Amino acid sequence: MILRPRLEDFKIIGFYLGKIILGLAFTMAIPIAAGLCFGELNPTLDFLIGIEISALLGLLLLKICYTDKDLNWMQGMIVVSLSWVVAMLLGAIPLYLSGHWRSYLDANFDAMSGFATTGLSLVQDLDHLSRTHNLWRHLIMFLGGQGIVVIALSFFVRGFSGAFKMYVGEARDEKILPNVIHTSRFIWLVSIVYLILGTLALGITGIFDGMKPVNSFFHGACVFMAAFDTGGFAPQSQNILYYHSSVYEAITVIIMLLGALNFKLHYHLWTGNRKEIFRNIETVTLFITIIATFSIVAAGLAQIGSYPQSGILFRKGFYQLISGHTGTGFQTVYPQQFITDWSHLALAGVVGAMALGGAICSTTGAVKMLRIGIICKAFKEDLKRIIMPERAIIIEKFHHIREVFLEDKMVRSALMITLAYIILYGIGALIGMFYGYPFLNALFESTSAAANVGLSCGITNIAMPNALKITYIVQMWAGRLEFMSVFTIIGFFVASLKGK
Amino acid sequence: MKTGFGIIYLVVFLAVLASAQGIFAQNISSKELIDRASQYDGKLVVYSGEAVGEVMPRQEFAWINVHDGSNALGIWLSRALAQEINFTGSFQSRGDFLEVTGIFHRACPEHGGDLDIHAQGIRMLRKGEVFQYKINLDKRNLTLVLLGILSIWTLTLLKRK
């Protein structure tokens, strides 16, 4: 028998949602400060309207739903999934007010793309967008990459046991430190230290490449946020191609790879355990899959002579591959070139890389390396079972911070999530094909959305059907949250209708 | 009569010469150049659009990106040519609208495989300008109304406490 949710459930969900909305409202103070510094008055007003609406909604929820009770698992999961939807709706307000998005739906598309660190965009005339709005586009990637709930846990929530439930609901299965709030703060510490270093590196490179200092550091900060959080937005319409710089590309490759690593691994590297990077199942799997998928891409590019010089083939192929594999979505080719200049084999290599993703507890999306590693280990174990005598005891281990024995429930969980991602990629591709796009193009764009990558072969544009825009929004949301909290909210909705 | 034939002959001769040299004298859009990059690769093309971002000097050359409404393409040009550009498109200004004549590369061997145009000449079609923004009164009023509601509510809550 399905139990209908009680009024108390709604109140608890509403109360904690209100807290998270207030946290989100505070983040809009950053573009307001930037807008005032840059003297951009109308854009500043857009964010003042955004912050006021968010604050009013947050306060309203706190008032109506006031409770002193803690969250249970179901409520925690629902708060997380709703937080992302509400963040999209509120984060889109200043974008829409700028007039650079054709409709509120388009602004929502970009807001979800930003928060979910995807990078697909429907912005118009990006090259004339204000710095204030551009900063917000990149800031939401930085916030979403760390996790909207992580922000609330880090700065706005005093210790309560429901914190861990929300933390897990946001697709972060690992605690780095014993306390989840300390873990959240550590994630922010890592991100801010890298933000300073990355902005300096990109800013200085930009100056050497002929950019003016203020612009160079502004671009540096924006590009860093998009790269480390494996987002993929860029301040100019040409994305990374705008800079025409091999050094800029090399730095962004390093930042993308850093963003694709597990925060727990960062913690161990920071505390001096440097050997971990060579032993960890995730980094080893990442290394192998990069080589495997790049081999496919290189073979595909060589097959039709896309780039006659090997150096150029490497630079173009490797950059798009790393961008896809880490789930970033930076491009140094035009979207149409994937179709006109790249072979099907090369595209298949990129789709494969996008579908795999980076490490768990990182800012990337997709299936992720730990699960791929576990599935491979399970295959190996089963192969051994066939080859070895029946009485032989077969034990498979892997190294992930410590030695871990492979258990059936781990394999089951990894396979379940992998299957869910494959279904999600497939559904998006089918809907794309329904609207007349060829199979490979539809699969490419769908995988890019669901795996939170952001590479585009040209399907994502303002003229695409609204239903496809909504499909990609749902894919970005479900892909970022890794299904559990999305399934919970669907269950909650069904229980509200059919429960007794 | 003879003069007329002479002119026709000259025009036909120049047209044949131009096509043999691979000159596409008509303006070509960025979409056309990207979609049919192989066809235009290594050919002299004419492309127009707004200079966006900023001029990025690189020793005796410079990069500028020119947007034609669909895409922006990278233009590699000499510093001397770049100095003719006064405005580049951004939030503050509309960039100079340029007509660029140059060699198109699908995957430029000199620039890491980028799709670009090496300019031989640029012509200013329209000068750019600085935008004069006025404060949007609707937005200002809405901001004040929302601020009023928020302030009254917060004060009421504080009073009750």
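Biologist: Is Glu54(B) buried or exposed?
Modeller: Buried: this is a predicted model, and in it Glu54(B) has a relative accessible area of 4%. The cut-off for buried is under 20%, so Glu54(B) falls in that class.

Biologist: Which residue forms a salt bridge with Glu54(B)?
Modeller: Lys212(A), with the closest N and O atoms 3.9 Å apart. The pair crosses between chains. Lys212(A) sits in the loop between α9 and α10 of chain A, and Glu54(B) is in strand β2 of chain B.

Biologist: And Lys212(A), buried or exposed?
Modeller: Exposed, because its relative accessible area is 54% and the class starts over 50%.

Biologist: How many salt bridges are there over all chains?
Modeller: A search of the whole structure gives 22. One of them joins the side chains of Arg315(A) and Glu249(A), at 3.0 Å from N to O. Arg315(A) belongs to helix α15 and Glu249(A) to helix α11, so this bridge ties together parts of chain A that are 66 residues apart in sequence. Glu249(A) is buried, at 5% relative accessible area.

Biologist: What about chain B, which side chains meet in Arg94(B)'s salt bridge?
Modeller: Those of Arg94(B) and Glu129(B), 2.2 Å from N to O. Arg94(B) is in strand β5 and Glu129(B) in strand β8, so the bridge links parts 35 residues apart in sequence. Arg94(B) is partly exposed at 29%, and Glu129(B) is partly exposed at 38%.

Biologist: Which residues do shared partners join into one network?
Modeller: Arg6(A), Glu8(A), Asp9(A) and Lys69(A).

Biologist: Back to α15. At what angle do α15 and α17 of chain A pack?
Modeller: About 30°, with the axes 7 Å apart. Angles under 35 degrees count as roughly parallel, so α15(A) and α17(A) get that label.

Biologist: Which residues make the contact?
Modeller: From α15(A), Leu321(A), Gly324(A) and His325(A); from α17(A), Gly349(A), Ala353(A), Met354(A) and Leu356(A). Four of these contact residues are nonpolar, three are polar and none is charged.

Biologist: New topic. Where is Thr117(A)?
Modeller: In the loop between α5 and α6 of chain A. Thr117(A) counts as buried because its relative accessibility is 0%.

Biologist: What is Thr117(A) in contact with, leaving aside neighbours within four places in sequence?
Modeller: The list includes Met141(A), Gly144(A), Asp229(A), Thr230(A), Gly327(A), Thr363(A) and Asn452(A). As for Gly232(A), its C-alpha is 7.2 Å from that of Thr117(A), though the two are 115 residues apart in sequence.

Notes
Residues are numbered from 1 along each chain as its sequence is written. Chains are lettered from A and ligands numbered from 1 in the order in which they are written. This is a predicted model: local features need pLDDT of at least 70, side-chain atom pairs count only at pLDDT 80 or more; totals for chains, interfaces and linings use all residues. Side-chain values use heavy atoms; hydrogens and water are left out. Axes are lines fitted to C-alpha atoms, for helices over the stretch in contact, and angles run from 0 to 180 degrees between N-to-C directions. Helices (H or I, at least four residues) and strands (E, at least two) are DSSP runs, numbered from the N terminus. Angles under 35 degrees count as roughly parallel, over 145 as roughly antiparallel, 65 to 115 as roughly perpendicular and the rest as oblique. Contact means heavy atoms within 4.5 Å. Ala, Val, Leu, Ile, Met, Phe, Trp, Tyr, Cys and Pro count as nonpolar, Asp, Glu, Lys and Arg as charged, and the others, Gly among them, as polar. Buried means under 20% relative accessible area, exposed over 50%, partly exposed in between (1.4 Å probe, protein chains only). A salt bridge is a side-chain nitrogen of Lys or Arg within 4 Å of a carboxyl oxygen of Asp or Glu.
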